[in-house]
Amino acid sequence: MPTEQHRQHVVITGVTRGLGRAMCQRFIEAGWLVSGCGRDRERLRSLNSEHPTTHRFDAVDIRDAGAVKAWADDVMQAGDPPDLLINNAAVINAPRPLWDVPVEEFARVIEINIGGMFHVLRAFLPAMIERRRGVIVNFSSGWGRSTAPEVAPYCATKWAVEGLTQALAQELPRGMAAVAFNPGIIDTDMLRCCWGGEAGQFPDADVWSRRAVPAILAVTASDNGRSVSAPGA
């Protein structure tokens with residue numbers, strides 16, 4: 001639980017849907033200061049309306065390095081660098097064989113899932129490293145440790161998250177941690193894109209967040225470089 005002297009700060013990408021929005025709620029309930037970004041301006045307005053005090057939720061295209069840097073600078077000017085940085089934003093391709101994936105769709109998956117994560121890390125890490133404190137949680141997937149047909153672009157990005165995170169972990173100073181986090185199978189819009197109604201067999205984002213957020217909060221410097229999973233994943 002945050003102390004009165006230091007209110008812990010979490011930055012989360014992809015807050016307008018599913019897992020991101022549910023995580024925001026859990027962290028706010030736990031007393032954390034939450035800064036988040038997403039693309040859906042209407043949902044961002046809703047989040048800002050629900051939490052109008054010190055929390056902030058901004059429209060940011062994480063494919064744009066300049067926009068990400070400006071947002072990060074603004075967030076940290078208003079408060080401390082994050083104690084916890086969660087790279088959750090991601091998209092998936094429409095299921096089809098790799099040779100049928102449109103060039104533009106392949107590029108979008110790569111630009112958001114990997115390029116966007118890089119931009120966010122590059123914008124926040126220097127300040128975190130200067131303090132020699134903080135945890136980075138990069139969302140991977142079960143498809144970052146296995147594969148499935150018709151989602152090759154998505155699998156490629158999540159395997160890349162695993163490698164990027166392990167390499168980053170070797171670069172961090174003692175006292176910090178970067179982990180690749182498999183959230184498991186959750187009933188989200190993304191899963192319904194692939195599995196249709198079968199996604200309803202799995203927990204929704206709210207139920208998932210009540211066990212996943214404590215698992216994220218349990219990550220310490222001793223976990224640096226590990227691939228971890230949400231309970232039940």
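Predicted model: local features only at pLDDT ≥ 70, side-chain atom pairs only at ≥ 80, totals over all residues.
Student: Why is N138 called buried?

Tutor: The relative accessible area of N138 is 0%. Buried means under 20%, so N138 is buried.

Student: What makes the pair N138 and T165 a polar contact?

Tutor: The side chains of N138 and T165 are joined at 3.0 Å. The cut-off for a pair of N or O atoms is within 3.5 Å, so the pair counts as a polar contact.

Student: Which residues does N138 touch, leaving out those up to four places away in sequence?

Tutor: N138 touches N87, M117, L121, V161, L164, T165, V179, A180 and F181.

Student: Are C24 and C155 buried or exposed?

Tutor: C24 has a relative accessible area of 1%, and C155 has 5%. The limit for buried is under 20%, so C24 is buried and C155 is buried.

Student: Why is E150 called partly exposed?

Tutor: E150 has a relative accessible area of 39%. Buried would need under 20% and exposed over 50%, so E150 is partly exposed. E150 sits in the loop between strand 5 and helix 5 (152-171), and its phi is near 75°, a positive value in a residue other than glycine.

Student: What is the phi of R132, and where is the residue placed?

Tutor: Phi of R132 is near 55°, again positive in a residue other than glycine. R132 is in the loop between helix 4 (103-131) and strand 5.

Student: At what angle do helix 3 and helix 4 pack, and how far apart are their axes?

Tutor: Helix 3 (residues 65-78) packs on helix 4 at about 30°, with the axes 8 Å apart. The crossing is right-handed.

Student: Which residues make the contact?

Tutor: Helix 3 supplies A65, V68, K69, W71, A72, V75 and M76, and helix 4 supplies H119, V120, A123, F124 and A127. By class, the contact has 10 nonpolar, 1 polar and 1 charged residues. Lys counts as charged, so K69 is the charged residue.

Conventions:
Residues numbered from 1 in each chain as written. Heavy atoms only, no water. Buried < 20%, exposed > 50% of the residue type's maximum accessible area, 1.4 Å probe, protein only. Helix = DSSP H or I, 4+ residues; strand = E, 2+ residues; numbered from the N terminus. Polar contact = N/O pair within 3.5 Å; in protein donor to acceptor, adjacent residues only side chain to side chain. Contact = heavy atoms within 4.5 Å. Axes fitted to C-alpha atoms, helices over the stretch in contact; angles between N-to-C directions. Left-handed = near helix turned anticlockwise from the far one by under 90°.
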